[in-house]
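Biologist: Could you walk me through this one slowly, piece by piece? I would like to look at it while we talk.

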Amino acid sequence: IEVEVQCPVCKTKGKVKMWPALNSKEDVVEKELLLTNHLFDFDCPKCHANTRIAYVMDYSDMEHDVVIHLTTPQEVAKLEQHINTIENNIANITISADSVELNDFSSMLSRKKHRIVTNQNSLIEKAIIFNAELDDRIIEMIKAIYGTRFAIDRPDLHFDEILFLIDADKKHCLQLIEHGNGKSYQILIQDGLYDELKQEFEEKLQKDSSHMIDFQWAKKMLS
């Protein structure tokens, strides 16, 4: 949908497209904008200031059977309940022996993962993670490990957010961001750590059905 917004710098009004729902197969151009951190951009037609437009949305990564729900913190509990209801209904479907198509459809739905995020950075990050065919739960544990380590070893580094990214050399990195002054620090993830955690927590992860995979979830999983 196209909406009118106001530039926060010069107050000029302009139009921008918003995507309440995005499908990775149907919206290929917009998927690339999401992965490159430009989907939410608004460029003022007068002063050319670049601003992010905030809104809730669902991103369906059809290639990896995952839906990422961007919502507000106030709506998390309601959304969680809604997703649980859907998953329980799918699990309780009784398929007759001759309903091959329905059986395949039910199987497809049961494989679909749901993730809940409350900010655009987390949505973009998870889209990048799944696009790289990685497990966001492992990545979140890696972020928690490094975040805890840096808080102890480098108390001089103040950061508000840790994000996963893939650099120009296809290396897996973490970006530590300090929102107050715009500073950020980029570090390479230790080789082999992802595979070590994947193997160590395989059984525990198989039993986990969480939808909110964040720093708090990771700390609990690692404890």
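**Strands and helices**

Biologist: In what sense do β10 and β11 pair, and over how many bridges?

Modeller: Strand β10, which covers residues 172-178, pairs with β11 in the antiparallel sense, and six bridges join the two. Please keep in mind that this is a predicted model. To give you one of the pairs, Q175 has Q186 in β11 as its bridge partner.

Biologist: And what is the order of the strands in that sheet?

Modeller: The sheet is open and has three strands in the order β9-β10-β11, with antiparallel pairing. The edge strands are β9, at 161-166, and β11, at 183-188, and each of them pairs on one side only. If direction is ignored, neighbouring strands of this sheet are turned by 25 degrees against each other on average.

Biologist: New topic: what does β7 pair with on the β6 side, and in which sense?

Modeller: Strand β6, residues 57-61, pairs with β7 in the antiparallel sense over five bridges, and D61 has V66 in β7 as its bridge partner. The two strands form a hairpin with four residues between them, and D65 in the turn has a positive phi of about 55 degrees.

Biologist: How does β7 run against β8, parallel or antiparallel?

Modeller: Those two run parallel, with five bridges joining β7 to strand β8, residues 113-117.

Biologist: Which residues of β7 are buried on each side?

Modeller: In a regular strand the side chains alternate between the two faces of the sheet. In β7, V66, I68 and L70 are buried on one side, while V67 and H69 are buried on the other, so that both faces are covered.

Biologist: Okay, helices now: at what angle do α5 and α8 cross?

Modeller: The axes of α5, residues 136-153, and α8, residues 215-222, cross at roughly 85 degrees and come within 8 Å. That angle makes α5 roughly perpendicular to α8.

Biologist: Which residues meet there?

Modeller: From α5 there are R137, E140, M141, K143, A144 and I145, and they meet F215, W217, A218, K219, M221 and L222 in α8. The residues of this contact divide into eight nonpolar, four charged and no polar ones.

Biologist: How many residues does α5 have, and how far does it reach?

Modeller: Helix α5 has 18 residues and reaches 25 Å from its first C-alpha to its last, which is close to the 26 Å expected at 1.5 Å a residue. Its buried residues include R137, E140, M141, K143 and A144.

How values were computed
Residues are numbered from 1 along each chain as its sequence is written. This is a predicted model: local features need pLDDT of at least 70, side-chain atom pairs count only at pLDDT 80 or more; totals for chains, interfaces and linings use all residues. Side-chain values use heavy atoms; hydrogens and water are left out. Two strands pair if DSSP finds at least two bridges between them. Axes are lines fitted to C-alpha atoms, for helices over the stretch in contact, and angles run from 0 to 180 degrees between N-to-C directions. Angles under 35 degrees count as roughly parallel, over 145 as roughly antiparallel, 65 to 115 as roughly perpendicular and the rest as oblique. Contact means heavy atoms within 4.5 Å. Ala, Val, Leu, Ile, Met, Phe, Trp, Tyr, Cys and Pro count as nonpolar, Asp, Glu, Lys and Arg as charged, and the others, Gly among them, as polar. The expected span of a helix is 1.5 Å times one less than its number of residues. Buried means under 20% relative accessible area, exposed over 50%, partly exposed in between (1.4 Å probe, protein chains only).
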